[in-house]
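Please look over the sequence and the structure shown here before reading on. The paragraphs below lead from the whole protein to some of its parts.

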Amino acid sequence: PQIRPKLGPTRLRSLDKACRLYTTASRPRIRRHLPRLAPPCQSQRQGSEALEGHPRGAMLPRGALLGLAALASVEAFQLPRKHHALHTHAVKIAAAAVAVPDPPKPGPLALKLGGKSINLTGLWFGASMTIWVIALYPLVLTCAITSRLFDPKKRRPMDFMVWLWARCSMLTCLYRPKVTGKENLPKKGVPVLIVPNHCSYLDILTLSAFMPRPFKYISKIEILRIPFIGWAMGFAGHIALRRADRRSQLETFKDTVESLKNGNSVVAFAEGTRSADGTLQKFKRGPFKMATTAEVDVVPVALCDLHKWHPPSALMPLAVPRGVELKVLPTIPTAGKAPDDVMAECQAAVNAALPAHQQSRAK
């Protein structure tokens, strides 16, 4: 509230318009709007503080704010180029970073269940998942028995059923993200630890439906207790985790290493919990210790622009996700490396692949 008046309605409108113009690659036109955008100061630091008052600016890393404020000040006050060290590439990153689409609103028909919002789109998602899991459950039970008898270590028939359920549910809801980097996955049959960023329940559905490789999750025990869906994950051999139980954490470590050695790829959310605002949180060491102990490589994955469709305040997605990208990044070898080194390399890779408004703000 103290910062927003520094910009005022004219500059706020100018910022929105400048961002829209920049995303359409109209750099010459953005210059005409920057003078009105510039904060009433010539300091990059003060300018970035004023920009933080904008609802989109508040989502930016500090570097992007400084870059955009510097560009605005240079254009507004017509400072000589020699007085700033802002390069064209940094300008593009800063301006593009501000162009963050506003998150969807629950709408007037939304309900509150357990303190969380659910609207018609959310009901559609919930109905789709429920109908498909019930329709497929006879096959699920058949595959569960088959897996237990003939493929107890990998349980590939159950992996197929989890993929089929998630795929059908998401396509029924008209949701299909862009998937890039499939060539970075190792050959089929080679187990890896898959490490994505974690923002919402939609992460699990997105990976299950569109990740081109069967895998197991390290999942909270509460997820595995969900009727039908959680039971199917248990049949498939997904690994349960009780966060508050130290003994369970040790069992999870042992079960994950065993699953990797049995030839299964495993998904581990290394942040430990969902990010509230979509920005990447600091990774925890445990998953990378699992990878080095099992002697498997790590595949970083970046889930881009997925968080806003299912915020923590919503029980189900508030709108059909658009513009989501699942990026499979180059494999990180673990041979001869310490877990901390692998963790740092993986976090840097995921952070660099995310859009600017999701990148870590850690200094």
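The model is predicted. The protein comprises 13 helices and nine strands. Of its 363 residues, 51% count as buried. Among contacts with a separation of 6 or more, 72% are between residues 24 or more positions apart. The protein exposes about 17,700 Å², and carbon and sulfur atoms supply 60% of this area.

Four of the five residues of E5 are buried. Three bridges join E5 to strand E6 (residues 239-241), and the two run parallel; here lysine 220 has leucine 241 as its bridge partner. Strand E7 (residues 266-267) also runs parallel to E5, joined to it by two bridges, with valine 266 as the bridge partner of lysine 216.

The structure holds six salt bridges. One of them links aspartate 159 and arginine 156 at 2.7 Å, N to O. Both residues lie in helix H7 (residues 156-172), three residues apart, or about one turn of the helix. Aspartate 159 counts as buried because its relative accessibility is 9%, whereas arginine 156, at 27%, counts as partly exposed.

In helix H11 (residues 246-261), glutamate 251 and arginine 247 lie four residues apart, and their closest N and O atoms in the salt bridge are 3.7 Å apart. Arginine 247 has 63% relative accessibility and therefore counts as exposed; glutamate 251, at 39%, counts as partly exposed.

A further salt bridge joins lysine 337 to glutamate 345, with 3.0 Å between the closest N and O atoms. Finally, salt bridges with shared partners join Arg156, Asp159 and Lys216 into one network.

Definitions and conventions:
Residues numbered from 1 in each chain as written. Predicted model: local features only at pLDDT ≥ 70, side-chain atom pairs only at ≥ 80, totals over all residues. Heavy atoms only, no water. Buried < 20%, exposed > 50% of the residue type's maximum accessible area, 1.4 Å probe, protein only. Pairing = 2+ DSSP bridges. Contact = heavy atoms within 4.5 Å. Areas by Shrake-Rupley, 256 points an atom, 1.4 Å probe, with all protein chains shown as cover. Salt bridge = Lys/Arg side-chain N within 4 Å of Asp/Glu carboxyl O.
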